Amino acid sequence: MNRLFKTSLMIAAMLPAIAGAAPMSGDKEITLGGAGSSDKDFDDTVFSVQGSWGQYLSESSLWGVRQTINARDSEGESVKFDGSTRVFYDYHFGTGKARPFIGASVGGVYGDRVDETFMAGPEIGFKYWIQDKTFITAMAEYQFLFKSGSDAQDRYDDGVFLYSIGIGFNY
């Protein structure tokens, strides 16, 4: 009986370490990432910040809202801001600390330097849990812009790739 108790206690103590990295249905997550670039004289500088909020529908399925804000500072001009807001769905593979994912997003693009329009596209990424509820993430998105549903088919080949890296938290 004493041996059974000790074995049960040891297994119970190890379960959080085994299952800690995999979010469960109903868990939420937030992410924050950023990027920037400048020319060699720092006359033209761009900063980008991206954040998201999501909720797991299952251990593998996540839906949420993603926001990106870009600021461009060019010499002789005032700072210009652009942004995009989109709804996304991602499917995660595996259950360990390292989990690749694929998904899609749809939303809108707006700001000082762009025509306000719709955007959509696929995305692919990777998350690695460095602690039970903390992970790093990297993602690539393909976004194409369109004004209407019929315009979407014609514009799919004229998209852009966006890359991001960041940190995320489950709660």
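Trainee: Let's start with Glu141: is Glu141 buried or exposed?
Mentor: Keep in mind that this is a predicted model. A residue counts as buried when its relative accessible area is under 20%. Glu141 has a relative accessibility of 2%, so Glu141 is buried.

Trainee: Which residue forms a salt bridge with Glu141?
Mentor: Side chains of opposite charge can pair when their charged atoms come close. For the partner of Glu141, the closest N and O atoms are 3.0 Å apart.

Trainee: What network do salt bridges that share partners make?
Mentor: Take Arg66 and Asp90 to begin with, whose closest N and O atoms are 3.6 Å apart in a salt bridge. Arg66 lies in strand β3 (residues 61-74) and Asp90 in strand β4 (residues 80-92), so this pair ties together parts 24 residues apart in sequence. Both of these residues are buried. Through shared partners, the network joins Arg66, Asp90 and Glu123.

Trainee: What is the N to O distance in the salt bridge of Glu29 and Lys127?
Mentor: Glu29 lies in strand β1 and Lys127 in strand β6, so the pair ties together parts that are 98 residues apart in sequence. Both residues are buried. Their side chains meet with an N to O distance of 2.8 Å.

Trainee: And what does the count of salt bridges come to?
Mentor: The rule asks for a side-chain nitrogen of Lys or Arg within 4 Å of a carboxyl oxygen of Asp or Glu. The Glu29 and Lys127 pair, at 2.8 Å, is one of the salt bridges. The count comes to seven.

Trainee: OK, on to the strands. In what order do the eight strands close into a barrel?
Mentor: Strands of a sheet pair through backbone hydrogen bonds, either parallel or antiparallel. In this barrel the pairing is antiparallel, and the order is β1-β2-β3-β4-β5-β6-β7-β8. Neighbouring strands are turned against each other, direction ignored, by an average of 25 degrees.

Trainee: Which residue is the bridge partner of Ile30 in β2?
Mentor: β1 and β2 (residues 44-56) run antiparallel and are joined by eleven bridges. Follow Ile30 across to β2, and its bridge partner is Trp53.

Trainee: Which residue in the turn between β3 and β4 has a positive phi?
Mentor: These two strands run antiparallel, with twelve bridges joining them. As an example of the pairing, Gln67 stands opposite Thr85 in β4. The strands form a hairpin with five residues between them, and the turn residue with a positive phi of about 85 degrees is Gly76.

Trainee: Which residue of β5 stands opposite Thr85?
Mentor: β4 pairs with β5 (residues 98-111) over eleven bridges in the antiparallel sense. Tyr89 has Ala104 as its bridge partner in β5. The two strands form a hairpin with five residues between them, where Gly94 in the turn has a positive phi of about 85 degrees. As for Thr85, the β5 residue opposite is Gly108.

Trainee: Which element gives the most to the nonpolar patch?
Mentor: The patch is about 890 Å² of surface, made by residues including Ile30, Phe126, Tyr128 and Phe169. The elements that give two or more residues are β1 (28-38), β6 (117-131) and β8 (160-170). Phe126 is found in strand β6. With three residues, the element that gives the most is β6.

Methods:
Residues are numbered from 1 along each chain as its sequence is written. This is a predicted model: local features need pLDDT of at least 70, side-chain atom pairs count only at pLDDT 80 or more; totals for chains, interfaces and linings use all residues. Side-chain values use heavy atoms; hydrogens and water are left out. Patches are made of residues with over 30% relative accessible area and no salt bridge: like charges are joined within 9 Å, nonpolar side chains (Val, Leu, Ile, Met, Phe, Trp, Tyr) within 5 Å. Accessible areas come from the Shrake-Rupley method with a 1.4 Å probe; for residues, only the protein chains shown count as cover. Helices (H or I, at least four residues) and strands (E, at least two) are DSSP runs, numbered from the N terminus. Two strands pair if DSSP finds at least two bridges between them. Axes are lines fitted to C-alpha atoms, for helices over the stretch in contact, and angles run from 0 to 180 degrees between N-to-C directions. Buried means under 20% relative accessible area, exposed over 50%, partly exposed in between (1.4 Å probe, protein chains only).
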